[in-house]
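I opened this entry to look up how the parts of the chain are arranged and what lies between them. My notes follow.

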Protein chains: 4
Amino acid sequence: MSLGVGVIGAGIMGADHARIIREETADAHLVGVADADLARAERAAAGARAVTDGMALIGAGDVDAVIVASPDPTHAPLTLAAIAAGKPVLCEKPLAVTPEDCLRIAEAEAKAGRKLVHTGFMRRFDPAYGELKAAIDGGGLGPVRLLHCLHRNQYVPGWFQPQMAITNSFVHEIDVCRWLLGAEFVAATVIPSTSDAYDPLGDPLLIVLETDAGALVSTEVSMNAEYGYHVHAEAVCARGTVAMAEPARTLTRTDGARRSGYPVNWIPRFADAYRIQARAWVAAIGQGSVDAQAADVWDGAVATILAEQIVEALRTRRRVALELPPRPQ
Amino acid sequence: MSLGVGVIGAGIMGADHARIIREETADAHLVGVADADLARAERAAAGARAVTDGMALIGAGDVDAVIVASPDPTHAPLTLAAIAAGKPVLCEKPLAVTPEDCLRIAEAEAKAGRKLVHTGFMRRFDPAYGELKAAIDGGGLGPVRLLHCLHRNQYVPGWFQPQMAITNSFVHEIDVCRWLLGAEFVAATVIPSTSDAYDPLGDPLLIVLETDAGALVSTEVSMNAEYGYHVHAEAVCARGTVAMAEPARTLTRTDGARRSGYPVNWIPRFADAYRIQARAWVAAIGQGSVDAQAADVWDGAVATILAEQIVEALRTRRRVALELPPRPQ
Amino acid sequence: MSLGVGVIGAGIMGADHARIIREETADAHLVGVADADLARAERAAAGARAVTDGMALIGAGDVDAVIVASPDPTHAPLTLAAIAAGKPVLCEKPLAVTPEDCLRIAEAEAKAGRKLVHTGFMRRFDPAYGELKAAIDGGGLGPVRLLHCLHRNQYVPGWFQPQMAITNSFVHEIDVCRWLLGAEFVAATVIPSTSDAYDPLGDPLLIVLETDAGALVSTEVSMNAEYGYHVHAEAVCARGTVAMAEPARTLTRTDGARRSGYPVNWIPRFADAYRIQARAWVAAIGQGSVDAQAADVWDGAVATILAEQIVEALRTRRRVALELPPRPQ
Amino acid sequence: MSLGVGVIGAGIMGADHARIIREETADAHLVGVADADLARAERAAAGARAVTDGMALIGAGDVDAVIVASPDPTHAPLTLAAIAAGKPVLCEKPLAVTPEDCLRIAEAEAKAGRKLVHTGFMRRFDPAYGELKAAIDGGGLGPVRLLHCLHRNQYVPGWFQPQMAITNSFVHEIDVCRWLLGAEFVAATVIPSTSDAYDPLGDPLLIVLETDAGALVSTEVSMNAEYGYHVHAEAVCARGTVAMAEPARTLTRTDGARRSGYPVNWIPRFADAYRIQARAWVAAIGQGSVDAQAADVWDGAVATILAEQIVEALRTRRRVALELPPRPQ
């Protein structure tokens, strides 16, 4: 009973999703890949069907479930189409670009009467985050008082805008920290560093969120960290702390130093997470639902809704109260 | 074109192989599990066929390839049967208990005229060992002068015999170090620690191998290290060294200390290696061969042949010249 | 030409200063120790003179220089007395409890016409902070954008007040970060964690300072971190970061984990710093001045002045602009 | 009652000893420095007396104690002269170049009727080795089964001979491991790596010593490790292990990697040990003895005696039984 999967979008992420379904996911097979650039779709399909029309792929009879990894503005219409077709969908983040579209998708799923949407916040499946959550939930460390996070990208393109550090990168932190803490955020303060004429972004941002339980999440978001892609978290609890180890497999000793490397971006860093997520997604579809650990449609919506309000905190340089609309039922 | 796999043996390793084929290997499916204990076979089969007769499973028409994970003395007859049936076989280490049986298997495969046997030295597929080998082969560090290895098991049962530290544990080091160095071993010295009345084994053993290129491999083999399962390697080269990092995902700070944990045994430590090995095995079968990175029938034979001679070095407490018979053609 | 030193205060710090002068400082000797508790003074004096009156010790003919390590409110009058006597003084932090007294001391020294006051911010002599500063000043990493600091105390007494986290602990961060960055602070935001009913302090505080160069200093100040005393800093620069290593000398592997310990408080953590500071202080006195690397009278004043304003930022929960009065000439 | 110290030899080590006495040692002062090169003696004396004749310095009335840091062959006559003069002497390793001279010195001290000789095996005062010994002696880890040591030098001069790796470098391991284990060595096996035409030394040596308690000490001695000076030890005990941490103060993250540096040689690595040793030496002289933790005359003799026998093990490539003559009474 192998699940037929269609992947929409054959960029870096879409191609990787297609590869994972083809090579690393039991009980599923790649039916086809859609991309406006047909040659790119063909490369990602690697023998499976390649098409230009994502909507047609959603409608295809041999496609049981869909992965949406196309450009951000297309996420909403494609996800709505998958819901309309009654087909489970793993939608890459963001679920939609605007809060309004996120709510529309959440409403559509609510009307469909069953969970169909898995938002691709893959960090929830990363083994290191999993160990952090287990340590926090285990209770031995006491309540979390403060969560320190680092989100460092090596480089961003010149056209990158400061608010994209929030909407594009920090959304991952919003989701994974909500999940780690089991709490909602109620306030945000954003303080940009402006020391470096070298970096037009005002990079890094220091973002402090407060939870409804009174805990803090303090995150450095660096878009031009240069040395590598580096994600880190440490939960400071009442009886101690738990932190990620730096994920090196080897170290070398040469030229006066001991050194270990960083990945260049999120794909090697989160290779396990993407693979495990795909398996959990397929397994949950077999059960007629969305994986309990995954970001569901509402988690996807919350990330976009809060990101917009946190951009406002950056713009105004003031502490902003964060608010969520009611979840569609 | 999913490969039908039969797993023989439903102990810890057999059950894990069956799970990996079921859950983590695309392009393959579990046809059945054989174990003398039918209930155990059924648990490992998880819905696939469960039988008591491994030979029958090898012969079954829907079994395209076989994994042998039954008790050591059965490896030789089962592997010979798989070769006779023309079916690819992944045989857990040791390939056979005696050098004679190993040679018999190698001859049988040579006569079959194509590579059918993959010996399950899974460390060759471990990402950390892979990075070590890439660093060595890259050449930037210069030739390897010395390889330090640690092989620490948490506990062994009371009936464990000292020579089993070599035939059961150290065989992994024999294989993975031959692979890392691309060299053959020509001499062995074994020095047991006898300081600890607490440990009847004379534990640990210090084993020093010399390669045909003049490099040394120095290995501590501890069977009762107590604190956890710990495998480590550092290659000392002319221009520097390359070593495994300790594979922790998180660390905690409590009670006056920072700490990170060790796995209890090889299964969590080498979970990636087993999974990647299974995929490589299946992919190579699709190409009509054995994976180029895998231990083939000869590598399996060499490990058993050398282990026997190294046991002799332990017994005599003298440097022993190591010799290999000619490889069957 | 051994320098005769009088130490005022025989509590933990005073006793340690006396020991350092006695045992670890060439070119100086301990003349006497003053403490209201004479028995305690005698223990710290270890054979040198013990008295109850600190003022008398300052005036003694064989006392060439003074270390003030008595209760905080006595720092100002004792330091003023030393200046009046024309004797160099190493005053433990805080230089004085109020900004007004700090300015009074700075004015007294200015009138004296030569530098006499060394404020005991010993971290400037810690080898790890020294390496951080050298890396920053070396320039290879580019300008500092953000400095992350941790200041974790194991426990504080029950009578500890939240603002003391700032005036007692965070003052060290104020001084050492000004020194590391060679910049002044212009704004402060303080956000307390309130998640933990267990901790009445609202612990930890997250304190964000902005420098006149646009860089940020983000500090976690935990008074009840439980697991140990832990000070850490990482400078995020344009081309990379430089961070303290955790200062362990050994690690143990037992009971399933690798672990290394934390000091219980600042005395073992900063033992090198205290020793090196004493030597630098004595050497500079030989040159008729205050060590160029030390916190001088103005650095001491700035720490107290800013701490008071940062307490205001905690009270109001708003970003506060920081201001310094003109330095007395 | 400041101790007047004369330093003989103004090379790297002698100059450093002179500096330590001048700057870092309370209760002692530098009287003079002797070196055949008077200008060099003057630089090291930094204002104290500079002479060319070491024997005269030993005899000088204001010299209470002597540090011998002149070329190795002069250690014996100078140390004998100090004993004859009844003056305590800290003799750099080796105590003497030949076993015969070592015994002669031990006999001379025995006849003098009190302990006068402190052999400068400074590692016994290194805080990391101290923590190792405390962990071993504490007993919680159970008996030591195996001690792994690394002794890596960055480079040696072209005229360096293979046996000097033993007599010059490995002697430190002989002494510090005897001290750590509280045991005597009874056998040695030496296996040189010969893989590297690049290195004419046959570098590294792997040296395995067996103690009278049945424990092993396995040491890599690399003379041309290139990347830095690196000393390491891990004691494998019945219930766990204890190891040195790598002694970094900071780490940098740049250019794709996290890195921390190694010292170039033993002087920065063991700066604390040399300083603490000097203080212990001076304090023990005040008590009329040699520091209980220090290597005494016999420890110095044992290191030279065993080194000679271990050179024999290298030459013969056979396991050599180690023997000690009776200690002179």
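This is a predicted model: local features need pLDDT of at least 70, side-chain atom pairs count only at pLDDT 80 or more; totals for chains, interfaces and linings use all residues.

The contact (heavy atoms within 4.5 Å) takes eleven residues from domain 1 of chain A and eight residues from domain 2 of chain A. The bounds, from an automatic or database domain assignment, are 3-122 + 272-297 for domain 1 and 127-269 for domain 2.

I noted the conventions: residues are numbered from 1 along each chain as written, and chains are lettered from A and ligands numbered from 1 in the order written. Local features need pLDDT of at least 70, side-chain atom pairs count only at pLDDT 80 or more, totals for chains, interfaces and linings use all residues, and side-chain values use heavy atoms, without hydrogens and water.

I then checked the buried area (accessible area, 1.4 Å probe, lost by two parts on being put together, summed over both). Domain 1 and domain 2 of chain A bury about 960 Å² between them, with 66% of it on carbon and sulfur atoms.

I looked for salt bridges (a side-chain nitrogen of Lys or Arg within 4 Å of a carboxyl oxygen of Asp or Glu) across this interface of chain A, and the rule finds zero. On the side of domain 1 of chain A that touches domain 2, helix H1 (12-24) and helix H9 (271-286) are the elements that give two or more residues; helices here are DSSP runs of H or I, at least four residues.
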